[in-house]
Amino acid sequence: LTKSEQMRREFVANVSHELRTPITSVRSYAETLEDEPDMPEDTRRRFLEVILNESDRMTKIVQDLLTLSRFDAGSIEFSFAEFSFEKSVRDVYNAMAMEAQAHSHNFVLQIEPGLPSIRGDRQRVEQVLINMVSNAIKYTRDGGQIEIGAGFRDGQVWCSVRDNGIGIPAEDTTKVFDRFYRVDKARSRESGGTGLGLSIVKHAAAWHRASIEAESAPDRGTRITIVFDGKGGE
């Protein structure tokens, strides 16, 4: 009970902190706009852009928190069916290509031939893969290397996302799936990260009876791999 209460307090403190930062920015820029009606047009547009970006970040935090709360309550809905895992991996690669290019990353896709279909909720599986790639982009300096790989072995289908980013200490690899855990808090906030993406990945993987693990080393990058048994998690 003591540990549970401590975790609850830490969670509330983290949520408060994450929301306080964008709220403070929005208020500060809005007050400046109100107090200076003769502000130059380019400055005014820049201030409005900051307000919109911070508003989007708050929305993303709230959406991720709602998703996690539904996982916790067991009230999230899944639609399980057999689908082409290869097509989903390709679709995710195509969906994330522009974001990777915006950071000048070398974005590579490698899929083994003959990848079988799996059973699961296609939309949520693709969101898991998107979160994995998005995390790699956030923690890889511009001009880096990000690879998506997928294959089949021992009756299991797997997909991994590997980068040559900032990495994390080996002893902290399990923490990347904790809520609000960040390798580099300043960089993550700057790029719009909430610190909740991989936690959502962990929960969605559990519902699909999939395993997920992270391998990493400081300044050598990170590899996150998810493995499905092909039967789904209904």
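**Entry 1: the whole chain**

I am working with a predicted model. I began with the secondary structure and found six helices and seven strands. Reading from the N terminus, I noted the order α-α-β-α-β-β-α-β-β-α-α-β-β. The chain has 234 residues, and 42% of them are buried. Residues 24 or more positions apart account for 72% of them.

**Entry 2: H2 against H6**

How do H2 and H6 pack, and at what angle? I find an angle of about 30° between helix H2 (residues 41–73) and helix H6 (residues 197–207). Their axes lie 10 Å apart. Angles under 35 degrees count as roughly parallel, so H2 is roughly parallel to H6. I noted the crossing of this pair as left-handed. On the H2 side, the contact is made by Asp-64, Thr-67, Leu-68, Phe-71 and Asp-72. On the H6 side, I listed Ser-199, Ile-200, His-203, Ala-204 and Trp-207. By class, I get five nonpolar, three polar and two charged residues in this contact. I kept a general point beside these lists: an α-helix has 3.6 residues a turn, so residues three or four places apart point the same way.

**Entry 3: more on H6**

Which residues of H6 are buried? I wrote down Leu-198, Ser-199, Ile-200, Val-201, His-203, Ala-204 and Ala-205. Besides H2, these buried residues pack against helix H4 (122–138), strand S6 (211–217) and strand S7 (221–228).

I also checked Lys-202, which sits in H6. Is Lys-202 buried or partly exposed? Its relative accessibility is 35%, so I count Lys-202 as partly exposed. I then looked from Lys-202 to Glu-213, eleven residues apart along the chain. Their C-alpha atoms are separated by 9.3 Å.

**Entry 4: H3 against H4**

I moved to H3 and H4. Their axes come within 10 Å and cross at roughly 35°. The crossing of H3 and H4 is right-handed. From H3, the contact takes in Phe-85, Lys-87, Ser-88, Val-89, Asp-91, Val-92, Met-96, Glu-99 and Ala-100. From H4, I listed Arg-122, Val-125, Glu-126, Leu-129, Ile-130, Val-133, Ser-134 and Ile-137. I sorted the contact of H3 with H4 by class: ten nonpolar, two polar and five charged residues.

I picked out Ser-88, found in helix H3 (residues 85–102). Its relative accessible area is 0%, so Ser-88 is buried. What does Ser-88 touch, not counting residues up to four places away in sequence? I found Phe-83, Arg-122 and Glu-126.

**Entry 5: two positive phi values**

I looked up two loop residues. Asp-154 lies between strand S4 (145–153) and strand S5 (156–163). Its phi is near 50°, a positive value in a residue other than glycine. Asp-154 is exposed, because its relative accessible area is 75% and exposed means over 50%.

Arg-209 comes after H6, in the loop between H6 and S6. Its phi is near 55°, again positive in a residue other than glycine. At 56% relative accessibility, I count Arg-209 as exposed.

How values were computed
Residues numbered from 1 in each chain as written. Predicted model: local features only at pLDDT ≥ 70, side-chain atom pairs only at ≥ 80, totals over all residues. Heavy atoms only, no water. Axes fitted to C-alpha atoms, helices over the stretch in contact; angles between N-to-C directions. Helix = DSSP H or I, 4+ residues; strand = E, 2+ residues; numbered from the N terminus. Parallel < 35°, antiparallel > 145°, perpendicular 65-115°, else oblique. Left-handed = near helix turned anticlockwise from the far one by under 90°. Contact = heavy atoms within 4.5 Å. Nonpolar A, V, L, I, M, F, W, Y, C, P; charged D, E, K, R; others polar. Buried < 20%, exposed > 50% of the residue type's maximum accessible area, 1.4 Å probe, protein only.
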